[in-house]
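Here are a few friendly notes to read alongside the model. Take the points one at a time and find each residue as you go.

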Amino acid sequence: MSLTKRTYSGLMSTLTMTGSVTNATTKLTIVYQATNSLWGVDGTINVYVDGTKQTCSWTTNKTDTVLGTTYKIKMTSQQLTINKPFFTLKLTDSADGSEIFNDTFSFYEIEKTPTSATTSGGVMDGATMSKVVFTTSGTDATYSATFSLGNYASTATSATKTIEYAIPISWCNALSNATTGQASVTCRVKYGGVEYSSFTVKLTVSVPSSVVPSVTSITLADKTDTPVPSSWNMFIQHKSGVRISAITTDGAYSSTIKSIKLQVGTQSISMNYSASNLPQIDTITQSGSLACTVTVTDSRGRTASKSATVTFVSYAAPKFTNCVSERCLVNGEADNDGTYFKSTTAISFSTCNNKNSITLTVKYKKTDAVLYGSETTITPGVNTCGNNDLDTEFSYDVMYSVTDQFCTVTFTDYISTATYLMHFLHGGKGVAFGQKATMENYLDCAFKALFRDDTYFVTGNGVQVNIRDIITIGAQTLTSFGNGLFLCAQNGKIIAQVPSIGADTPTTLGEGLYLKASGGKITADTPNPSIGTDTPTSLTNGQFLYADSGNIGSRTIALANLTNGVIKAGDSISCSNMQVGGMIANSSKDITICIPVGRVITASSAEITGGTLTIRTVDGNAYTKASSAGGAYSGLTPANFDPVITLNKTTGSVRIKLYNSTKWTTSNGTAITTNTPVSATIGITLKFS
């Protein structure tokens, strides 16, 4: 509510302003009261409104004479009508021009004019009210707020300090790449319909969750280079893919489509959106009714999806479930001297809803021939094949091929020579048991063999060896052949590289080294071995360890004398461009690197006879050390380094420590701190003794 009286008290006078204000019209009467006679007015009072002098008459209410001069102590102006709700009012003494009063005046409570406001709401859906609340206790002003975002602007007014406005959904066009933003709100305060002041605040606006991109239609097709005939009109597992051949999609309120995702079953592909390059999954590995979902994401990060069900017919490559070839007569009767062969086959394949079919062919050749003969088409089941041309003196290879719409699968079988108890090679030196002899200088046995007494063979160096001494067939007896290769006897059969080793049977390899089987693993260095009686163990190159009554017998070969699988005294190893790791230790004075050589070491020591060694720190600074005979290194400060070499015999590794009397430094002079990992490039020769 507007005022009817304002009083201004000063050092020289008191001014009492009375009247009223209606809309933009102010009625004003001014009463001047001097605080004492000396401050009285000896002329009149000039009135200025916004710098313009007003015509105003004054009534003198009280005077006083001081030293012969009469002063007007109290004066009352006529009532002024000013067509403004607020204005700058200035009063001056007409006699000397001195200023009595100069300030903004209004009967409205302009001293309560707000300078701030709070905002809330901001959802741009055309329904949710956004609020602007002016911070004021005044009641006689009117208010307006101009909302603006991008190219959009709108003004709302209120007679109270609270303004409400529903931001249209079309304003979402101004936030094409985000879901929230900052709108500007220009707040204006008016008295009598005239703007008195203004300021700007921010309003956080948001795109409603209902504003999402759209997917109107999608067309799905097989991949562009599908092997599935179009006439089948189906998707085939492992052979078909899925691609989006066409899509109708659009953003919402100026957003654009940025990415697209195609998901079929558990397989998916995502990519940047391009109308000319749509997603394709090349091969679908599942079968059955699969959910196919296409999801687009717009520039606001909002998504839209469309789903369908796509059926994939199961498919697997053809497979031979039975395939037997045997000699027979022309009528198909099995006969060891037959010059034909009977083919018995069974094949499983995917019919693909009766669209897929197979073709089965067969061809054959003598085992020692290079090329097969011509193919013959047969049907699965029993067929009599050949052209009366299977010589009983020779064996034959038979190749079957089954082809469907997508692939060809082959199976190779074998037809032996005619079966004989014993047969001598015609025109040559050879004998066979259980089949015809076909190889010169060979004893060929097609029967199982059982030897009840000692059996010998002569090695390449003329040594006669008893097979009994080489291996005893028994359950889980491990026999080492060096280089990590082992034979194991299991249920009367020799098995190579058996991963499951019998429990807790140690085998000595000499010089305190042992192998022990425990839990299916080979364990080295097992102490106090218990050697079973008469268990031979091959080490390499025809050399064996032999256990006799729990002791190593006379056939024991020292590990240091072996020529394969170990590193012994006198051996040299060249490490060319090998990458190894290392560590800084001993207050940054030691660099230690470890070189794995990959074999058990029986030598006692090693030295570096030549080569180079490059150490690199974690930041790439490097040192290159060129060695001379004896392993002295140069190229560093101090100049020479004598490496300390330690051998780990069982793990087969060489540790080299380079000692520096001061801290190691990088090429830029920075000290390398302790426990810093380093890498090394090795190009050295190690000689063992």
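**Notes on salt bridges and a buried serine**

1. Let's begin with Lys365, which is buried, its relative accessible area being 9% (buried means under 20% relative accessible area, exposed over 50%, and partly exposed in between, with a 1.4 Å probe and protein chains only). Its side chain meets that of Asp397 in a salt bridge, 3.2 Å from N to O (a side-chain nitrogen of Lys or Arg within 4 Å of a carboxyl oxygen of Asp or Glu). This pair links distant parts of the chain, 32 residues apart: Lys365 is in strand β28 (residues 359–366) and Asp397 in strand β31 (residues 396–403). Asp397 also counts as buried, at 14% relative accessibility.

2. A word on the source: this is a predicted model, where local features need pLDDT of at least 70 and side-chain atom pairs count only at pLDDT 80 or more, while totals for chains, interfaces and linings use all residues. Residues are numbered from 1 along each chain as its sequence is written, and side-chain values use heavy atoms, leaving out hydrogens and water.

3. How many salt bridges does the structure hold? There are eight. Among them is Glu195 with Arg188, whose closest N and O atoms are 3.3 Å apart. Glu195 is partly exposed at 37%, and Arg188 is partly exposed at 25%. Another joins Lys568 and Asp571, at 3.6 Å between the closest N and O atoms.

4. Finally, look at Ser77 in strand β7 (residues 69–77) (strands are DSSP runs of E, at least two residues, numbered from the N terminus). Ser77 is buried, with a relative accessible area of 5%. Leaving aside residues up to four places away in sequence, Ser77 touches Thr29, Ile30, Cys56, Ser57 and Trp58 (contact means heavy atoms within 4.5 Å).

Methods:
Helix = DSSP H or I, 4+ residues; strand = E, 2+ residues; numbered from the N terminus.
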